[in-house]
Amino acid sequence: KVEIVLLRFYVVDLSSERMRQISSLIDQMFEGSHHPATTVVGISKLARAELNIEIEAIFARQENHPKSE
């Protein structure tokens, strides 16, 4: 099983409205399931001027190991 365990948003000119939009998006994406740890960071600009948001996600895979007896 693979799941997102961390989300990190870098947002140009972060406003309270944009924060509400991001929060709503996260709630929709993970409705009925565990929300990953999430950080939202307001920044002045990204490396490419035409971009307004960068999203970093870290996934983890759960291994099924046989129980030792």
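Predicted model: local features only at pLDDT ≥ 70, side-chain atom pairs only at ≥ 80, totals over all residues.
**View 1. The charges of the protein have mean positions 3 Å apart.** Lys and Arg count as positive, Asp and Glu as negative, while His and the chain ends are not counted. Each charge is placed at NZ of Lys, CZ of Arg, CG of Asp or CD of Glu.

A note before you look further: residues are numbered from 1 along each chain as its sequence is written, and side-chain values use heavy atoms, leaving out hydrogens and water. Local features need pLDDT of at least 70 and side-chain atom pairs count only at pLDDT 80 or more, whereas totals for chains, interfaces and linings use all residues.

View 2. The C-alpha trace spans about 55 × 25 × 15 Å along its principal axes. Its radius of gyration is 16 Å, while a compact globule of 69 residues would have one near 11 Å. That radius is taken over C-alpha atoms, and the globule rule is 2.2 Å times the number of residues to the power 0.38. Of the 69 residues, 14% are buried (buried means under 20% relative accessible area, exposed over 50%, and partly exposed in between, with a 1.4 Å probe and protein chains only).

**View 3. Six residues form the largest nonpolar core.** Look for Leu7, Phe9, Val11, Ile22, Ile26 and Phe30. Two elements, β1 (2-12) and α1 (16-29), each give two or more residues to this core, and β1 gives the most, with 3. A nonpolar core is a set of buried Ala, Val, Leu, Ile, Met, Phe, Trp, Tyr and Cys residues joined through side-chain atoms within 4.5 Å. In soluble globular proteins, nonpolar side chains tend to be buried together. Zoom in on Phe9: not counting residues up to four places away in sequence, Phe9 touches Ile22, Ile26, Thr38, Thr39, Val40, Val41, Ile53, Glu54 and Ile55 (contact means heavy atoms within 4.5 Å).

**View 4. Phe59 sits in strand β3 (residues 53-61).** Is Phe59 buried or exposed? Phe59 counts as exposed because its relative accessibility is 52%. Leaving aside neighbours within four places in sequence, Phe59 is in contact with Val2, Glu3, Ile4 and Val5. The C-alpha atoms of Phe59 and Ile4 are separated by 4.3 Å, although these residues are 55 apart along the chain.

**View 5. Asp13 lies in the loop between β1 and α1.** Its phi is near 50°, a positive value in a residue other than glycine. With a relative accessible area of 60%, Asp13 is exposed.

**View 6. Gly42 belongs to strand β2.** Gly42 counts as partly exposed, at 47% relative accessibility. Beyond its neighbours within four places in sequence, Gly42 is in contact with Val11 and Leu14. Now find Ser15, 27 residues from Gly42 along the chain: their C-alpha atoms are separated by 8.3 Å.

**View 7. Asn52 lies in the loop between β2 (37-43) and β3.** Its relative accessible area is 44%, so Asn52 is partly exposed. Neighbours within four places in sequence aside, Asn52 is in contact with Tyr10, Val11, Val12, Arg18 and Leu46. The C-alpha atoms of Asn52 and His34, 18 residues apart along the chain, are separated by 27 Å.

Note on methods:
Helix = DSSP H or I, 4+ residues; strand = E, 2+ residues; numbered from the N terminus.
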